Amino acid sequence: MALTIVSQSCCFVVVAATLMLDSAAAAATAVEQATNVKNEALVDYICKQAESYDFCFSILSGDVRTPSADIRGLALLSIALSIDQVSDTSDQKIPHLTFSHAAADHVDEHRMEVCKSDYGEALAMFRGAYVACSRRSYWEVIDWVKDGANKAIDCENIYRRHDPIRVSPISGDNHKLIRLAEITLIVIDALLRSTP
């Protein structure tokens with residue numbers, strides 16, 4: 001009989017532990033859902049101020065880091081997304097285009113070299129913005145982000161300044177970077193308004 005009691009006692013402990021784990025998991029799920037609802041509202045608030053709500057919402061909501069981010073976290077995240085965009089364009093697209101256009105057109109070769117330089121500088125600027133944001137130097141972030149976005153604008157405009165006027169082959173990348181910079185500036189503005 002003692003063996004049976006021990007066995008029942010063991011089962012009780014296992015059942016109690018299972019119930020506690022289930023209860024903890026349910027609580028964690030509830031907290032996660034509440035955080036997600038809170039973050040969805042924050043993302044919605046930010047994106048309603050953007051030129052393209054759909055772009056903003058899909059970029060922020062589609063990132064796995066967003067559910068755990070507060071407003072400061074969204075600022076850092078938006079800058080990180082810009083850094084990723086600059087790096088991808090600089091490392092993957094520009095070298096390919098520089099090579100393919102070099103054989104076809106000396107003017108486009110020069111233009112892509114300008115864009116390569118612009119994107120190299122933009123990368124340094126967005127990294128500076130990230131460091132400044134980490135230090136909570138939000139006015140400094142604004143300067144870095146504007147300067148970084150202006151590099152994408154310069155890359156876009158190099159195709160419009162002189163003949164032959166053309167559309168930049170990385171026009172979509174330039175516009176995406178400009179939109180990402182806009183998101184960062186909106187988030188920083190919200191941070192500055194909430195900071196005493």
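Start by selecting Lys-93 and Asp-173 in this predicted model, where the two side chains form a salt bridge whose closest N and O atoms are 2.9 Å apart. Because Lys-93 lies in helix H3 and Asp-173 in helix H6, the pair ties together parts that are 80 residues apart in sequence. Lys-93 is partly exposed, at 33% relative accessibility, whereas Asp-173 is buried, with a relative accessible area of 9%.

The crossing of the two helices is left-handed. In the contact, Tyr-119, Phe-126 and Cys-133 of H4 meet Asp-173, Asn-174, Leu-177, Ala-181 and Ile-188 of H6, a set that divides into six nonpolar residues, one polar and one charged.

Next, go to Thr-66, in the loop between helix H2 (53-61) and helix H3 (71-104). Thr-66 counts as buried because its relative accessibility is 5%, under the 20% cut-off. Beyond its neighbours within four places in sequence, Thr-66 is in contact with Asn-39, Val-43, Leu-60, Leu-74 and Leu-77.

Finally, return to the charged side chains, for the whole structure holds ten salt bridges. Select Lys-48 and Asp-44, which pair with their closest N and O atoms 3.2 Å apart; Lys-48 is exposed at 61%, while Asp-44 is partly exposed at 22%. Glu-140 and Arg-135 also meet in a salt bridge, at 2.9 Å from N to O, and selecting Asp-108, Arg-111 and Arg-166 together shows a network of salt bridges that links them.

Conventions:
Residues numbered from 1 in each chain as written. Predicted model: local features only at pLDDT ≥ 70, side-chain atom pairs only at ≥ 80, totals over all residues. Heavy atoms only, no water. Left-handed = near helix turned anticlockwise from the far one by under 90°. Helix = DSSP H or I, 4+ residues; strand = E, 2+ residues; numbered from the N terminus. Contact = heavy atoms within 4.5 Å. Nonpolar A, V, L, I, M, F, W, Y, C, P; charged D, E, K, R; others polar. Buried < 20%, exposed > 50% of the residue type's maximum accessible area, 1.4 Å probe, protein only. Salt bridge = Lys/Arg side-chain N within 4 Å of Asp/Glu carboxyl O.
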